[in-house]
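Please keep the structure open as you read.

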Amino acid sequence: GIDTSNLSDSELAVLRNKKIGFVFQQYNLINRMTVEENIELPLIKLGIPRQIRKKLIKDALLKVGGELSWLNKRPTQLSGGQQQRVAIARALVTNPSIILCDEPTGALDSKSTEIILNILKKLNEMNHTVIIVTHDYNVASIAKRIILLRDGTIVGEKVL
């Protein structure tokens, strides 16, 4: 419902930070920071007070099946599946309407993939629009709608 064509770069950045969460294949966590600090980053950009940030961070981590004991760890101290849960918590902490996922299971084993896909399904059931870009049909098969692209052009669509 927002015409983004006339927004400035800073207005677009605020809109993205409030309305869109991003989840990447390689997690994009900052290894010199703790899990808590990684999840906190989008909240700092929004100017949310520290006490409120702490609660939102814990809520987001628990929502993705993470453990509070991870908060003081560095990302490199976690498994790939755990790191991806932290990345999803960071994407989720601002309660965005849309969560964009770029190959969110590409770097994970099959057990971690199943856990992450279940988290994304639950987020969709909680009224988040979840968009997953993937080359893996098994990952795509969890979607309610699949749009097939070839060389940047839509070549098909399936509604499941």
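Buried means under 20% relative accessible area, exposed over 50%, and partly exposed in between, using a 1.4 Å probe and protein chains only. With 44% relative accessibility, Asn28 therefore counts as partly exposed. The model is predicted, so local features need pLDDT of at least 70 and side-chain atom pairs count only at pLDDT 80 or more, while totals for chains, interfaces and linings use all residues. Residues are numbered from 1 along each chain as its sequence is written, and side-chain values use heavy atoms, with hydrogens and water left out.

Asn28 sits in the loop between strand 1 (20–23) and helix 2 (35–45); helices (H or I, at least four residues) and strands (E, at least two) are DSSP runs numbered from the N terminus. Most residues other than glycine have a negative phi. Asn28 is not a glycine, yet has a positive phi of about 55 degrees. Asp151 is not a glycine either and has a positive phi of about 55 degrees. You will find Asp151 in the loop between strand 4 (145–150) and strand 5 (153–159), and with 80% relative accessibility Asp151 counts as exposed.

Two packed helices are described by the angle between their axes and the distance between the axes. Here, axes are lines fitted to C-alpha atoms, for helices over the stretch in contact, and angles run from 0 to 180 degrees between N-to-C directions. Angles under 35 degrees count as roughly parallel, over 145 as roughly antiparallel, 65 to 115 as roughly perpendicular and the rest as oblique.

Helix 2 and helix 4 (80–92) pack at about 30 degrees with their axes 7 Å apart, so these helices are roughly parallel to each other. For helix 3 (residues 50–63) and helix 4, the angle is about 130 degrees and the axes are 8 Å apart, which makes the pair oblique. The axes of helix 2 and helix 3 come within 9 Å and cross at roughly 120 degrees, so helix 2 is oblique to helix 3.

Leu62 belongs to helix 3 and is partly exposed, at 45% relative accessibility.

## The largest pocket

On a 1 Å grid over the protein atoms alone, a pocket is an open set of points where a 1.4 Å probe fits, with protein on both sides within 12 Å along at least five of seven lines; lining residues have an atom within 4 Å of a point. Grid points are joined across faces, edges and corners, and a volume is the space filled by probe spheres set on the points.

The largest pocket holds about 880 Å³ of space. Its lining has 23 residues, with Ile132, Ala143, Arg145, Ile146 and Ile147 nearest the centre. Elements giving two or more residues to this lining are helix 5 (110–125), strand 3 (129–133), helix 6 (137–140) and strand 4.

## The second largest pocket

About 310 Å³ of space lies in the second largest pocket. Of the 15 residues lining this pocket, Asn17, Phe22, Phe24, Pro42 and Arg90 are closest to its centre. Helix 1 (9–19), strand 1, helix 2 and helix 4 each give two or more residues to the lining.
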